[in-house]
Amino acid sequence: MLIKMPKNIILITADALRPDVAVHLPFLGKLVSKSSFFSNVFSYQNNSTGAFYSIFSGIYGNKSEANSYFGSLNFKKDRCKLLTQYFKEQGYFTLAHSMSDIILPREHFDAYYCELDEEKIPALYDRMLYELKHCGKNFFVHFHVALIHTRIIENVAKKFKYKDKEYYEQVEKNKENYFQYALEADARIQHLLEQFDLRSCILVIYSDHGTTYGEKFGERFYGSLCYDDTLRTFALFYGADFPAFCSDLVVRGVDIMPTLLDVMNIEEDGKTIMDGKSLVPLIKGKKEERVAFSEVAPLQGSSDYPSPKKPNIHAVRTNYWKLLFYRSTNTYELYDLKNDSHEDKNLINRGLAVEGEMKRLLHKHLD
Amino acid sequence: MKRAKQKDDNKLEYGTVSLPLPLISKIKKRIIGTGISSVSSYVSFVLREVLSYDEGVIDEKNKEEIIKRLKKLGYLD
């Protein structure tokens with residue numbers, strides 16, 4: 001009988017990296033072809049706090065109450081068991097870097113470093129690598145590669161207000177700039193991974209949320225509206241348990257945690273039922289439609305309807321349809337994504353049968 | 001993966017509340033076309049909204065800490 005040896009777990013958040021860009025990057029693009037890769041992973045929120053908490057808890061923020069940037073204060077620990085805790089209980093050394101402690105839950109990490117200053121990151125990573133090498137245990141480590149975030153803040157958030165037409169009129173330029181930021185992030189990830197013997201590891205690289213180039217007026221990058229470009233992310237699983245595989249089926253950020261538990265044969269504790277489901281059956285060829293639920297809680301100064309502490313835009317998405325509900329105006333939008341991938345033609349109130357079904361799916365989450 | 005079964009004591013239990021019949025009629029009209037399947041679902045939805053507003057009140061000191069971090073992240077001026 002083969003004995004399954006514990007594996008080290010490396011999680012890398014490539015903050016705000018779009019899947020359609022990730023596949024064209026020099027390092028990540030090559031890694032994609034050797035990994036189980038999901039290119040249509042929908043984030044619970046297009047802000048980092050909501051996204052991270054849902055990824056690390058396997059439940060949506062409307063249950064955990066980590067549903068906005070302020071959500072880390074409301075997080076209901078008793079409603080879930082964090083991914084970090086599962087590995088801690090397995091005897092792992094747990095170590096994290098995050099760009100802020102309002103983003104990645106601190107709980108159950110043996111050591112947790114907050115660093116946003118890109119100049120200090122290389123030294124921090126050296127220190128973390130030293131700790132991993134000398135911890136004497138299997139490890140569970142999280143790196144937050146936030147270069148895209150940093151460059152967007154420098155070059156977009158600080159230069160353009162959300163109603164500056166100029167920004168939305170230069171989409172091609174925004175796209176080119178974004179690709180340069182993504183190249184920097186790619187090089188950072190490559191350098192980091194060159195320090196590991198990946199044969200003894202399971203590597204998961206994902207983005208917490210997507211980014212827009214300014215195609216939709218009112219959304220400069222992410223966090224204000226609820227369209228696909230800011231919610232669509234990716235998840236790349238690399239290691240002996242993950243065959244080369246590529247899927248564009250809709251899955252969710254909350255599916256990442258149960259996938260890792262599944263591969264590591266760690267049983268869920270039954271304390272709560274996760275919203276996420278393992279992706280392993282899909283990797284093995286099962287075709288399954290999953291429904292993604294997302295919400296947005298726009299900050300002051302980023303929306304006509306700011307709601308920084310509580311989501312006011314909600315969405316459900318299937319492989320081909322998406323319904324949005326704007327609480328502030330009590331209005332809906334419905335999109336046929338098979339024929340309208342840019343969400344330009346709102347089909348609400350056209351008498352389509354799918355409208356009722358999508359509303360039922362949405363209210364299942366909101367109720 | 002072995003998926004844990006939801007324990008019996010983890011199941012939601014339901015109780016009964018009384019509403020005036022005219023209000024029930026209004027709710028029935030209100031939920032047409034919304035995807036909300038019943039009067040009970042609508043009442044639960046509205047009450048959760050009201051209660052989450054109270055639960056969502058964050059004390060000023062913690063709020064300031066988050067605002068400080070959001071400024072550091074570049075999301076607020």
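**Figure 1. The loop of chain A that holds A:Glu65.** In this predicted model, A:Glu65 sits in the loop that joins α4 (61–64) to α5 (71–74) of chain A. Although A:Glu65 is not a glycine, its phi is positive, at about 70°. The residue counts as buried because it has 20 C-beta neighbours inside 10 Å, and 20 is the number from which a residue is called buried.

Figure 2. With 20 other C-beta atoms within 10 Å, A:Glu343 is buried.

**Figure 3. The two domains of chain A and the contact between them.** The domain assignment divides chain A into domain 1 (8–284) and domain 2 (294–366), and the C-alpha centres of these two domains of chain A lie 24 Å apart. Across the boundary, 23 residues of domain 1 of chain A are in contact with 21 residues of domain 2 of chain A. On the domain 1 side of this contact, the elements that give two or more residues are α4 and α11 (228–231) of chain A.

Figure 4. Of the 77 residues in chain B, 9% are buried. The pLDDT of chain B averages 77, and 74% of the residues score at least 70. Over residues 4–10 of chain B, however, the pLDDT is below 50, and this stretch has eight contacts in the model beyond near neighbours in sequence. Where pLDDT is low, the predicted coordinates should not be read in detail.

**Figure 5. The side of chain B that touches chain A.** For the complex, the predictor gives an ipTM of 0.87 and a pTM of 0.88. In the model, 26 residues of chain B are in contact with 31 residues of chain A. The elements that give two or more residues to the side of chain B that touches chain A are α2 (39–55) and α3 (60–73) of chain B, and α3(B) gives the most, with six residues. Sorted by class, the residues on this side of chain B are ten nonpolar, nine polar and seven charged.

Figure 6. The buried residues of the helix are B:Ile66, B:Arg69, B:Leu70 and B:Leu73. Seen down the axis of α3(B), these buried residues fall within an arc of 100°, and they therefore line one face of the helix. What covers the buried residues of α3(B) includes α5 of chain A. On the other side of α3(B), the exposed residues are B:Glu60, B:Lys61, B:Glu64, B:Lys68 and B:Lys71. Just after α3(B) comes B:Gly74, which takes a positive phi of about 95°.

Notes: Residues are numbered from 1 along each chain as its sequence is written. Chains are lettered from A and ligands numbered from 1 in the order in which they are written. This is a predicted model: local features need pLDDT of at least 70, side-chain atom pairs count only at pLDDT 80 or more; totals for chains, interfaces and linings use all residues. Two residues are in contact if their C-beta atoms, placed from the backbone, lie within 7 Å. Helices (H or I, at least four residues) and strands (E, at least two) are DSSP runs, numbered from the N terminus. Ala, Val, Leu, Ile, Met, Phe, Trp, Tyr, Cys and Pro count as nonpolar, Asp, Glu, Lys and Arg as charged, and the others, Gly among them, as polar. pLDDT is the predictor's confidence in each residue, from 0 to 100. A residue is buried if 20 or more other C-beta atoms lie within 10 Å of its own, exposed if 12 or fewer, and partly exposed in between; C-beta atoms are placed from the backbone. The arc is that of the directions from the helix axis to the C-beta atoms. Domain bounds come from an automatic or database domain assignment.
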